[in-house]
Amino acid sequence: MNKALRKAVIAGNWKMNKTRPEAKALIEELSPLVASADCDVVICVPYTNLETALDMTKGTNIKVGAQNCHWAASGAFTAEISAGMLTEMGVEYVVIGHSERRQFFGETDVTVNKRVRAALDAGLTVILCVGELLEQREQGITEETCGLQTKIALQGVSKEELAKIIIAYEPVWAIGTGKTATSDQANEVNGYIRSVVEKLYDKAAADAMTVQYGGSMNAANAEELLGKEHVDGGLIGGASLKAPDFAAIVAAASK
């Protein structure tokens with residue numbers, strides 16, 4: 001991390017976990033553990049938990065995010081949620097383009113871009129996910145894959161709007177599998193993503209861009225990963241569901 005140039009951000013992606021009482025209990029346990037964090041702390045919870053999370057985090061340093069939003073402001077899109085619905089509640093962050101959305105729910109690079117645009121227009125900060133499949137890594141096209149996803153997602157995004165975007169590099173083969181890219185692998189791809197941003201905009205924009213790592217970062221490996229130059233935080237899955245583990249990652253990012 002280079003905190004002199006960019007923010008360190010630890011964001012928990014709860015995925016499809018926790019009822020409202022469970023969410024309340026987890027946030028109650030987590031809040032005092034991260035109260036002195038020297039990094040931004042975000043929890044991205046299921047839609048059903050947003051109101052609970054917003055209420056429970058009042059007066060704390062924890063920000064609340066959703067896990068997706070639609071590109072339209074309203075309309076005949078059954079089961080979708082608009083960006084404006086989120087901001088009206090007080091939500092500040094939204095995850096866009098997670099590999100599980102791409103893999104299981106038909107998300108494409110083009111629809112990711114449309115959702116990014118809608119989220120920015122509504123005033124949300126976007127956590128934009130990019131990452132390669134195992135076959136793509138084995139074929140030696142990790143950089144091409146992540147570069148293409150980044151370029152398409154950022155189409156129509158101004159340099160000024162980049163301040164509201166965080167990129168999360170998530171190698172798909174390391175999400176929920178227990179496998180983790182080595183710290184050098186994570187740093188290499190994060191650095192490449194930053195170079196793509198530099199080519200699209202300029203060096204100042206690239207230097208200011210927070211690029212997280214999100215492939216099975218946990219309490220045991222966080223310090224090593226976060227010690228790398230281009231790893232500016234993490235998008236945390238399973239470890240975000242356990243307050244002590246998530247707090248340990250926040251502590252590693254606060255050093």
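Predicted model: local features only at pLDDT ≥ 70, side-chain atom pairs only at ≥ 80, totals over all residues.
A residue counts as buried when its relative accessible area is under 20%, and because Tyr213 has a relative accessibility of 0%, Tyr213 falls in that class.

A pair of aromatic rings is described by the distance of the centres and the angle of the planes. A search of the whole structure finds 2 aromatic pairs, one of which, between Phe104 and Phe105, is edge-to-face, with 6.4 Å from centre to centre and 75 degrees between the planes. Phe104 is exposed, with a relative accessible area of 56%, and Phe105 is likewise exposed, at 55%. The rings of Tyr169 and Tyr213 have their centres 6.0 Å apart and their planes at 55 degrees, so this pair is classed as tilted. Since Tyr169 lies in strand E6 (residues 165-169) and Tyr213 in strand E7 (residues 211-213), the tyrosine pair ties together parts that are 44 residues apart in sequence.

Another aromatic residue, Trp71, has a charged side chain over its ring: Lys114 lies over the face of Trp71, at 4.2 Å from the ring centre.

Rolling a probe the size of a water molecule over the atoms shows where empty space is left. A search of the whole structure finds 1 cavity of 30 Å³ or more, and about 30 Å³ of space lies in the largest cavity. The lining of the largest cavity is made up of Gly97, His98, Ser99, Arg102, Cys129, Val130, Gly131 and Glu170. Two elements, helix H4 (99-105) and strand E5 (125-130), each give two or more residues to this lining.

Lys15 has a positive phi of about 55 degrees although it is not a glycine. Lys18 lies in the loop between E1 and H1 as well, and Lys18 has a positive phi of about 85 degrees, again without being a glycine. With a relative accessible area of 29%, Lys18 is partly exposed.

The last stop is Thr52, whose place is in helix H2 (residues 50-56). Thr52 is buried, because its relative accessible area of 17% is under 20%. Apart from residues up to four places away in sequence, Thr52 touches Arg20, Ala23 and Lys24. The C-alpha atoms of Thr52 and Ile27 are separated by 9.4 Å, while the two residues are 25 residues apart along the chain.

Conventions
Residues numbered from 1 in each chain as written. Heavy atoms only, no water. Helix = DSSP H or I, 4+ residues; strand = E, 2+ residues; numbered from the N terminus. Buried < 20%, exposed > 50% of the residue type's maximum accessible area, 1.4 Å probe, protein only. Contact = heavy atoms within 4.5 Å. 1 Å grid on protein atoms, 1.4 Å probe; cavity = no way out; pocket = protein on both sides within 12 Å on 5 of 7 lines; lining within 4 Å. Points joined across faces, edges and corners; volume = space filled by probe spheres on them. Phe/Tyr/Trp six-rings, centres within 6.5 Å; stacked < 30°, edge-to-face > 60°. Lys NZ or Arg CZ within 6 Å of the ring centre and 35° of its normal.
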